[in-house]
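Keep the structure open while you read.

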Amino acid sequence: MVAAVPAALAVVVVTVPSAPAAKRPAASTAVGVSQREFRLTPYRTRVPVGEVRFNVTNFGEDVHDLVVRDARGRVLARSAEVRSGGRLTLAVKLKRGRYRLSCDVANHAQLGMRAGFTVVKPRGGR
Amino acid sequence: MARRRSAPAPRAGTAARRPPRPAASAARRRGSSGWTEAHVHRLFWRAGFGATAAEARAWAARGRAATIDWIVDGPPGGTKLHGPAPRVDGRKLDPVNEWGHDQLWWLDRMVRSNRPLVEKMTLFWHDHFATSEQDTPRMLAQNRLFRSHALGGFRPLLKQVTRDPAMQLFLSLADSTKEHPNENYARELMELFTLGRGYSERDVREAARALTGYRSKWTNKGFQGIRYEAEEHDDGVKRILGRRGRFGVDQVLDLVCDHPRHAPFLVTKLWQFFVAAPPSPATVRALAATYRRSGLQVKPVVRQILEHPALYRNLAAPDLVKAPVVYIAGALRTTGSAITDNWPVWLSSTMGQQLFQPPSVAGWDWGPRWMSSNAVRQRFVLGNYVVNYGRPRVRRGAYKASLRPDRAVAIAIAAVGSPPVSAAERAALTRLARHWFDDIPKSWRDKADWRAESLQRTLRHLLIAGPGAQLC
Ligand SMILES: [Cu+2]
């Protein structure tokens, strides 16, 4: 009944060296992502340019992962596998444009574990 | 309503935070009809997340009726959060997207709301209609639903909960169809939500048929909500709880609400949320009568419980174990501290209570079962955080080693918001203070003020997280 302690968290940082959690780049946006069989749901689908931290929670029973591709299908970031009930952060710097999120485990993407994602210029510009 | 220990110089916008002034200073400690600060502390902990020193003083002077009115009906002007919104890592909370911020967001309401009973009842419903493992946006939506119905009618709440997407997906009521009825929701509806017992497996099966027809909608943009589709609903004749008819969703909900077992079931559960000792049969009858007479309104029942003498029994020897989130939010609220970091999230989950993630549809195990050995250890750790980062922080160079032990204890008690402290606890703390410098030769004492700081830290830690702080 007692939930897992934070030590169980896998934190995968792609573009930023794993530094003490305190300081993050100013332009960093969190995007919650839920996974279950066979759905992948980002809680926010438009974010400003900069670092995007995908906070993935696997609510399903299978193992899943998270892969970020640009519009041409090039893989920009790939997470480790997330076990059932597990969580993981995938951080990636993204320019303006459209991106695809998917789970590349087995044929999960084909079964529905994929979603679109847009990075826009922040309001007011930067 | 003030959350700070001593009233600061008036600033713009702080007027609303100040509690009403006592009518006369003679009435400070003891109000009319034996209503004391100890009563106020008891009520505020049971109905909310503790009282500050200023609240205890002011409401003891205002008397019992005014205090209970304020708790139950709230201040005029509606719900407000006092003080600045929390910032974690220099940013505003992002409850939807950042892990743990959903919990911090709610804990912050428990700490800063001027309607503590509403937050406490929201917690009651979160446990009563326990839903878990659902996407954060839907859990937050369900939380808003509980809050808006916190003290309202049970029937409309049940009707909303039955249609709530998080609940529907959790108990597979969504996509329970005429062809494939799913019994999960019907079973918990009777066992956990409304009756407890007094129904049969057949009632569950037939109610499941009556509850069919909801479909979840998904597109490549994700979840699009729940819709009722009449052609998926089983409109045949059902036999439920001794009644026969072509029952639909709301009729089943009415059947369980009107069942003779419902009122005693719900009022007993409410009582157990506020009072450790079980209710007498006469008390259950009286509460159930109030509940039925009001048309299944929750507020008059809660008011009657909060007015009941049993709630104020043994003021010097509290017997209700504070639930982890109540303990944490209460420590912050009563000491005038704010949420500034993530620590409440992992601390409450290691104490056995992670908001938005109850262990099962039956909710959490309340009472003494909170006190596992690991949870007790984590409860003690809370003292570190509040003393190091909260308002009871020990100021450098502010305390003398020559301070009398009882004075040192009094300063520590005031610094943590003047919580109720039993005579035995005060004596133990004073003893600790008296021997704190024993290993230092007398002639060095005037150089030992740094040790007075460690004494203050220790006393405050023990007041916030010691045995006396675990119960209310
Ligand atoms: Cu997958």
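## Charge and surface

Let's start with charge: chain B carries 73 positive and 41 negative side chains, and the centres of the two sets sit 10 Å apart. Lys and Arg count as positive and Asp and Glu as negative, with His and the chain ends left out; each charge is placed at NZ of Lys, CZ of Arg, CG of Asp or CD of Glu.

## Ground rules and confidence

This is a predicted model, where local features need pLDDT of at least 70 and side-chain atom pairs count only at pLDDT 80 or more, while totals for chains, interfaces and linings use all residues. Residues are numbered from 1 along each chain as its sequence is written, chains are lettered from A and ligands numbered from 1 in the order in which they are written, and side-chain values use heavy atoms, without hydrogens or water.

As for pLDDT, the predictor's confidence in each residue from 0 to 100, chain B averages 92, and 93% of its residues reach 70 or more. Residues 1-32 of chain B are another story: pLDDT stays under 50 there, and the model has 57 contacts beyond four places in sequence for them. For the complex, the predictor gives an ipTM of 0.84 and a pTM of 0.90.

## The build of chain B

Of the 472 residues, 56% count as buried, meaning under 20% relative accessible area, with exposed over 50% and partly exposed in between (1.4 Å probe, protein chains only). Take contacts (heavy atoms within 4.5 Å) between residues at least 6 apart in sequence: in chain B, 73% of them join residues at least 24 apart.

B:G330 is in helix α15 (residues 324-334) and is buried, at 0% relative accessible area. Beyond four places in sequence, B:G330 touches B:W45, B:F49 and B:V325.

Over in chain A, A:V31 belongs to strand β2 and is also buried at 0%. Its contacts beyond four places in sequence include A:Y43, A:F54, A:F117 and, from chain B, B:N97. A:V31 and A:A91 are 60 residues apart in sequence and 9.9 Å apart in space, C-alpha to C-alpha.

Most residues other than glycine have a negative phi, and most peptide bonds are trans. B:D175 has phi near 70°; it lies in the loop between α8 (165-170) and α9 (184-194) and is partly exposed at 32%. B:F356 also has phi near 70°, in the loop between α16 (343-350) and α17 (373-389), but B:F356 is buried at 5%.

In chain A, the peptide bond from A:E37 to A:F38 is cis, with omega near -10°. A:F38 sits in the loop between β2 (28-36) and β3 (39-42).

Definitions and conventions
Helices (H or I, at least four residues) and strands (E, at least two) are DSSP runs, numbered from the N terminus.
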